[in-house]
Amino acid sequence: MSTGGRTPPRLRALLGSIPAYVPGKPAASAGGAGWKLSSNENPYPPLPGVLEAVTTAAGRMNRYPDLHGTELTDRLAEHLAVPASRIAADTGSSALLQQLCRIAVDPGDEVVYAWRSFESYPLVARLSGARPVQVPLTGDEAHDLDAMARAVTDRTRLVFVCTPNNPTGRALRRDVLEPFLDRLPADVLIVLDEAYLEFVSDPHCADGVELCRDRPNVVTVRTFSKAYGLAGMRIGYAVAHEPVAEALRRTAVPFGVSTVAQSAAIASLDRRTELMERVGELIAERERVRGALLSQGWTPPDSQANFLWLRLGEQTTSFAEHCQDSGVTVRPYGQDGVRVTIGEREANDVFLSAAGSWRADAAEVGADRS
């Protein structure tokens, strides 16, 4: 856009070096139909009663929402067995991650996290003026907690731990995570990002709310976007000790969480039995898809989320394009691999067909070259 010869306003210099967040691509189109398995969305429609609650709440859109989300906070406090004063809600867990950097990190500080992990971590760290410290995953796509602990210095102010990890799906067991938490300095804020917690089927995996009960420097962040299917509502919450929770509430955008979003979350909590039935179906479908991939010769790690990870290296782009041409959109990550959301059974079958044909084509090319 032309500035009419005038000097544009001077913005922060670091913006030029920060890549924009890249959302999952829209659904592929093959023969007029396509499936989107690129954004970890819940394929189910709203739970019965949730849409009605949203419709009723929309009738009050001329009024500001409850600034403190009192009813939602009280309901979460009851559900999680924590004091309401330890809960802070915001517009999705991503907003809370940014808020946590805002309250804990000064320019020049360090933020430690595994890589590859949630791509917002380097963005929120750099926007805070911090230096991102990326610690490579282990060979089996898990957090290298020993290496992460060694990466913590006297400049480290915050550590992100994503479990289950996005995009690899690996989750941390309590007997592994707990010693790590106790090993780090007490003045370092440790954030357990549990956006996919509801999909965890391994009973030995860690529960962030339990781990932060008696650890003042540990925060757990969760969302209604994934298992609850409220991605379009933008609502998540953090559980922390009072000083941290209060700081999150004080620095949040006023009235950011809409009345509609609060009502949808409350109605969803009231229907948790039906929700977990749906989650169980997605877990079963995850295991079916993973089993089929293993039988095709792939090696997806054991996922505790609603997605699977395929490490493809330099073949990442060609595989994603092959899936797109086959009618299903997956999420490529540079030259590392692709993440595939567990969606409708029909969508998953289209993906499995694409994955199988890609391997068959690759095997044929290899045979021709030999």
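Residues are numbered from 1 along each chain as its sequence is written, and side-chain values use heavy atoms, with hydrogens and water left out. As the model is predicted, local features need pLDDT of at least 70 and side-chain atom pairs count only at pLDDT 80 or more, while totals for chains, interfaces and linings use all residues.

Helix H9 (residues 259–269) packs with helix H2 (residues 70–80) and with helix H1 (residues 50–58). Helices (H or I, at least four residues) and strands (E, at least two) are DSSP runs numbered from the N terminus. Axes are lines fitted to C-alpha atoms over the stretch in contact, with angles from 0 to 180 degrees between N-to-C directions.

| Pair | Axis distance | Angle |
|---|---|---|
| H2 and H9 | within 9 Å | roughly 25 degrees |
| H1 and H9 | 8 Å | about 155 degrees |

H2 is therefore roughly parallel to H9, an angle under 35 degrees counting as such and one over 145 as roughly antiparallel. On the H2 side the contact (heavy atoms within 4.5 Å) involves Glu71, Leu72, Arg75, Leu76 and His79, and on the H9 side Ala265, Ile266 and Leu269. By class, these are five nonpolar, one polar and two charged residues. Here Ala, Val, Leu, Ile, Met, Phe, Trp, Tyr, Cys and Pro count as nonpolar, Asp, Glu, Lys and Arg as charged, and the others, Gly among them, as polar.

H1 and H9 are therefore roughly antiparallel. H1 contributes Val50, Ala53, Val54, Ala57 and Ala58 to their contact, and H9 contributes Thr259, Val260, Ser263, Ala264, Ala267 and Ser268. This contact has eight nonpolar, three polar and no charged residues.

The second largest pocket has a volume of about 270 Å³. Of its 17 lining residues, Leu67, His68, Ala89, Arg249 and Ala252 are the closest to its centre. A pocket is an open set of points on a 1 Å grid over the protein atoms alone, where a 1.4 Å probe fits, with protein on both sides within 12 Å along at least five of seven lines; lining residues have an atom within 4 Å of a point. Points are joined across faces, edges and corners, and the volume is the space filled by probe spheres set on them. Strand E2 (residues 87–90) gives the most to this lining, four residues. The lining divides into nine nonpolar, five polar and three charged residues.

Two peptide bonds are listed here as cis: tryptophan 115 to arginine 116, with omega near 20 degrees, and threonine 163 to proline 164, with omega near -5 degrees. Arginine 116 lies in the loop between strand E3 (110–115) and helix H4 (120–127). Proline 164 lies in the loop between strand E5 (156–162) and helix H6 (174–183).

Key. Parallel < 35°, antiparallel > 145°, perpendicular 65-115°, else oblique.
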